[in-house]
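Please walk through the structure below, one region at a time.

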Amino acid sequence: MNLIVTGNVITMDPERPRAEAIAIDDGIVVAVGALDEASAALPGAAVHQPDAAAIVPGLIDSHLHMQWAGLKLLEAFGEAGPPSPGEAMALLDAPGLHWSGEAEPTLPERLAALPLIQPVLHGLGLVGVVDPAVVPAEMAAYVASHNRGELSMRVVPMPHPDLTGGADPAIAALDGIGARTGLGDERLRLGGVKVYFDGEGKNSSALRREPWPERLDEPDGRGWQRLPDEEFLKIAGWCAREGWSMGVHVVGGAGIDKVLDAWLKVDAQTPIAGLGFTLIHAYLEPSPANMELAAQLGVLVAAQPAIHWWNGANLEARLGPGARDANPIASWLEAGVAVGGGSDGPYFPIDPRLGIWQTRTREVAGGDEPHAPELTLDAEQALALYTTGAAAVSLAAGRRGALAAGQAADWVALSVDPLAADPAAVREMTAIETAVGGVTVHTDPARSS
């Protein structure tokens, strides 16, 4: 399909940040520039002008348990799905498990859940997700859905091996599937291996350098290390040698220290730059030395502004004013580390508008003032989190995330220009039209023509 899309195009391509039109051929952007330039690239192509203030690259969530979110909708509303997007979002943002049944969801239930969640996400301008902890049953559902032509979202599932018995059985299981990171196509492509290293900030189990104040008398008062150093080093080394990417759930500063130290040892034997090794979360007390080493190694960060918004006041109450520096995305970026934005939904609010707004304001729920406002992002940096940055964490840099020649024609038409509007307006903007590979997957009935 050939198409010219015209309007106020924000490309997120530093070579040409703004344009009047993009030319799309078979799902790929082939020209960017003035309308006559785009038309010259595809003579006779239809011209489409959304009724929008801006057109930006389709948004990507670099940490969203999409299948869990779909199951939450399925359990609440049945196969008919939510009556409205508002009711869907209200449920997804509410506390509660994604599946309360005693038995695990069946494959038919998983396949019924995926068509419920994808339209909701497209209505937020999302075109791609990294699902960051996928067990075999979930992987089977993604493959089956893709084979049935039911995946409208670009999905990067991260296989999550069972490490309770140590690294060796997990390595054997991964080796046995005969696949590696990158297998698949642009609709469903295998991501990196997901490993949990420590706990969480909200329950004082993230691994800190100092004990949690409420756990001073406990042997493990600094937090929970879920995998011994030698076992983590073993699986990290294997991933690097075998060409697997790796994403590690790590929250606390001591945990970040240990993960990066192991990766430095791995790098001495097998360089990890370009493999997409990723710190997931890494929001509590990362040090300048952590950031310098991450940049040196080519490590990425998957950050979730919704977690800071949700937990910021609670962390400050327990850790004191120093906790206001949590989730220092600006510092990671200044150090030269690529950062992708995400939500960790459905356990934290999915809406990417919240993430963009929160990084521009550093507001926290229940807080009396912004936390460390010197760490706010500017408008372009905030949008980049969910476009070029999230594409990098999706292991798709240069293929997705910008409206540039040769990249996927994924775009969203917005009711406001997110680079010109103030944060409050961005928080309320709407996705008028969302397209994946040039094909419209969402239109706002109130604005579309």
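Contact, or touching, means that heavy atoms lie within 4.5 Å. With that in hand, K72 touches L91, L92, A94, P95, G96, L97, H98 and P346, not counting residues up to four places away in sequence.

This is a predicted model, in which local features need pLDDT of at least 70, side-chain atom pairs count only at pLDDT 80 or more, and totals for chains, interfaces and linings use all residues. Residues are numbered from 1 along each chain as its sequence is written, and side-chain values use heavy atoms, with hydrogens and water left out.

K72 lies in helix α2, residues 66-77. Helices (H or I, at least four residues) and strands (E, at least two) are DSSP runs, numbered from the N terminus. K72 is buried yet has no salt bridge. Buried means under 20% relative accessible area, exposed means over 50%, and partly exposed is in between, with a 1.4 Å probe and protein chains only. A salt bridge is a side-chain nitrogen of Lys or Arg within 4 Å of a carboxyl oxygen of Asp or Glu. The nearest side chain of opposite charge to K72 is D93, 7.8 Å away; Lys and Arg count as positive and Asp and Glu as negative, while His and the chain ends are not counted. The side chain of K72 does reach the backbone oxygen of G96, at 3.5 Å.

Next come the sheets. Strands of a sheet pair through backbone hydrogen bonds, either parallel or antiparallel. Two strands are taken as paired if DSSP finds at least two bridges between them.

Axes here are lines fitted to C-alpha atoms, for helices over the stretch in contact, and angles run from 0 to 180 degrees between N-to-C directions.

Strand β7 covers residues 126-134 and pairs with β8 in the parallel sense over 5 bridges. Among the bridge partners in β8 are R154 for G128 and V156 for V130. Because 9 of the 9 residues of β7 are buried, the strand is largely enclosed by the rest of the structure.

Another open sheet has 5 strands, ordered β9-β10-β11-β12-β13, with parallel pairing. β9 (193-196) and β13 (339-341) stand at the edges with a single partner strand each, so one side of each is left without a neighbour in the sheet. Neighbouring strands of this sheet are turned by 25° against each other on average, direction ignored. Helix α7 (residues 229-242) lies across β9 and β10 (246-250), running at about 155° to β10.

β12 and β13 pair in the parallel sense over 3 bridges, and A302 stands opposite G340 in β13. L300 lies in β12, residues 300-303. Is L300 buried or exposed? L300 is buried, because its relative accessible area is 11%. Leaving aside neighbours within four places in sequence, L300 is in contact with G276, F277, T278, L279, V337, A338, A392 and V393. L300 and V339 are 39 residues apart in sequence and 6.0 Å apart in space, C-alpha to C-alpha.

Notes
Polar contact = N/O pair within 3.5 Å; in protein donor to acceptor, adjacent residues only side chain to side chain.
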